[in-house]
Amino acid sequence: MANQELCGKGPHAEGTPGDSSRYIGPIVLLGPPGAGKGTQAKRIVARFKIPQISTGDLLRDNVARHTPLGMQAKAVMERGDLVSDDLVEEMVAERLKQDDAQRGFILDGFPRTVEQAIWLDGFLKHGFFDNRKQQNVKATAPIVIRVDVDYNRLKLRLTGRRSCPTCGRIYNVHSQPASVDEVCDVDGSKLVIRDDDREEVIQERLATYERLTRPVADYYDRQRRLYVINGDRQPDQVTEEIFQEILRHSAAAEGR
Ligand code: AMP
């Protein structure tokens with residue numbers, strides 16, 4: 001499965017030829033660390049050919065290039081705090097103007113606050129689709145999908161993660177162990193735990209998610225736009241359900 005996915009030929013990569021030209025619209029993927037959002041986002045990209053836009057990646061890129069935004073964001077990110085809403089919103093607006101986002105996009109790490117969610121609604125309504133070629137699109141609101149995983153299972157997934165410092169291969173002591181305990185199958189290196197997968201940091205990451213991202217989900221839920229998916233299942237089943245929801249939403253947006 002892992003190799004198939006690397007080649008973009010996983011069971012979900014194919015879809016129908018129309019999937020890579022139809023209107024998909026904005027997708028917001030919410031969920032705690034360890035819920036499998038990254039895996040699911042890659043499958044959505046492969047099937048529908050829309051970009052994944054990660055605000056964390058964009059910010060890290062700005063920091064690396066020493067842009068004015070990067071210089072303002074650096075210290076805040078190092079403290080683990082959130083970068084101010086206006087800076088992040090401006091950055092997202094710039095990114096969404098690029099051509100590859102016309103048919104749709106997956107937002108990853110955004111919105112992180114209710115203020116950002118309100119901004120996104122306004123931007124999509126007035127500043128994005130209205131000025132573009134999507135005149136036939138009936139709805140511009142994002143499809144919001146939250147992948148839920150049981151708290152104890154999340155902790156198990158995150159604390160069990162090990163990686164090889166030499167080749168980068170990822171293992172999990174509970175679900176995908178190395179053949180010899182804590183030793184890489186490929187090159188024999190001793191496996192390591194990522195700094196932010198240490199138990200005390202995991203507690204903090206999960207607590208931050210509860211504090212900051214729950215209200216964003218509640219915001220969408222109040223508008224009956226939140227779609228909750230049970231992530232305590234095989235990744236393929238989760239993917240299937242996400243795809244169905246995206247296709248349903250896409251058909252409604254096109255007025256079909
Ligand atoms: P991530 O890779 O998504 O965990 O983001 C890394 C860091 O970038 C976060 O800890 C924040 O400091 C910052 N960041 C990413 N996305 C946002 C956002 N939507 N709003 C504010 N800060 C963000």
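The contact brings together Gln40, Arg43, Ile44, Arg47 and Phe48 of H2 with residues of H9 including Pro235, Ile242 and Leu247, where contact means heavy atoms within 4.5 Å. This is a predicted model, and its local features need pLDDT of at least 70. Residues are numbered from 1 along each chain.

Here are two helix pairs, with axes being lines fitted to C-alpha atoms over the stretch in contact:

| Pair | Axes come within | Crossing angle |
|---|---|---|
| H2 (residues 37-48) and H9 (residues 235-253) | 10 Å | roughly 50° |
| H6 (residues 114-128) and H8 (residues 199-222) | 8 Å | roughly 40° |

H6 is oblique to H8, and H2 and H9 are oblique to each other too. Oblique is what remains once angles under 35 degrees (roughly parallel), over 145 (roughly antiparallel) and 65 to 115 (roughly perpendicular) are taken out. On the H6 side, Val114, Ala117, Ile118, Leu120 and Asp121 meet Pro215, Val216, Tyr219 and Tyr220 in H8.

Now for H5 (residues 85-96). Nine of its 12 residues are buried, so H5 is largely enclosed by the rest of the structure; buried means under 20% relative accessible area with a 1.4 Å probe, counting protein chains only. Among them are Leu87, Val88, Met91 and Leu96. The buried residues of H5 pack against strand S2, helix H3, helix H4, strand S3 and H6.

Conventions. This is a predicted model: local features need pLDDT of at least 70, side-chain atom pairs count only at pLDDT 80 or more; totals for chains, interfaces and linings use all residues. Side-chain values use heavy atoms; hydrogens and water are left out. Axes are lines fitted to C-alpha atoms, for helices over the stretch in contact, and angles run from 0 to 180 degrees between N-to-C directions. Helices (H or I, at least four residues) and strands (E, at least two) are DSSP runs, numbered from the N terminus. The expected span of a helix is 1.5 Å times one less than its number of residues. Buried means under 20% relative accessible area, exposed over 50%, partly exposed in between (1.4 Å probe, protein chains only).
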